[in-house]
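Dear colleague,

I am handing over the structure below, and I would ask you to look through it before you read my notes. What I found follows after it.

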Amino acid sequence: VSGEHVELSLKKSVLSAEARVVWSDLKEGAIVRGKVKSVQSYGVFVQLSNSDITGLCHISQVSQDYVKDLAKEYHQGDKVKAKVIKINQQTKKVSLSLNPKDLGDGDDEDEDESDDEDEEA
């Protein structure tokens, strides 16, 4: 057909691209990954990986211990793992926990695997 082009790519980045995370994908109790978008006195905003969704981890959900200054613990751009603790579909708000007790035993096999893939590239 004249005037139409088809473009194919075998680039690893295109082949391994993850699907975008949308609101309907989120479930309470799910463990998600993201990057710290901003740190406020009351909590940490986390932009979920492969998504336009940002959630808030209230200061009370950061640790079992009292945290006085979140800016000493978290910085913009930090990669984090969080647990979805509440979703409000009407207001489009997600509450997260960064508390290690909510994230399991601390082993992070998925992250180790992604690091290995980066080293191979």
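The structure holds one aromatic pair. Its members are Tyr-42 and Phe-45, whose ring centres are 6.1 Å apart and whose planes stand at 90°, so the pair is edge-to-face. Tyr-42 is likewise partly exposed, at 40% relative accessibility.

As for the overall layout, the protein chain has three helices and five strands, and along the sequence these follow the pattern α-β-β-β-α-β-β-α. Of its 121 residues, 25% count as buried. Among the contacts with a separation of 6 or more, 58% are between residues 24 or more positions apart.

Asn-99 is buried, with a relative accessible area of 4%, and, when its neighbours within four places in sequence are left aside, Asn-99 is in contact with Gln-61, Val-62, Ser-63 and Gln-64.

Finally, a word on confidence: the mean pLDDT of the protein chain is 81, and 73% of its residues reach 70 or more. Over residues 107-121, however, pLDDT stays under 50, and the model has seven contacts beyond four places in sequence for this stretch. Where pLDDT is low, the predicted coordinates should not be read in detail.

Technical notes: Residues are numbered from 1 along each chain as its sequence is written. This is a predicted model: local features need pLDDT of at least 70, side-chain atom pairs count only at pLDDT 80 or more; totals for chains, interfaces and linings use all residues. Side-chain values use heavy atoms; hydrogens and water are left out. pLDDT is the predictor's confidence in each residue, from 0 to 100. Contact means heavy atoms within 4.5 Å. Rings of Phe, Tyr and Trp (its six-membered ring) pair if their centres lie within 6.5 Å; planes under 30 degrees apart count as stacked, over 60 as edge-to-face and the rest as tilted. Buried means under 20% relative accessible area, exposed over 50%, partly exposed in between (1.4 Å probe, protein chains only). Helices (H or I, at least four residues) and strands (E, at least two) are DSSP runs, numbered from the N terminus.
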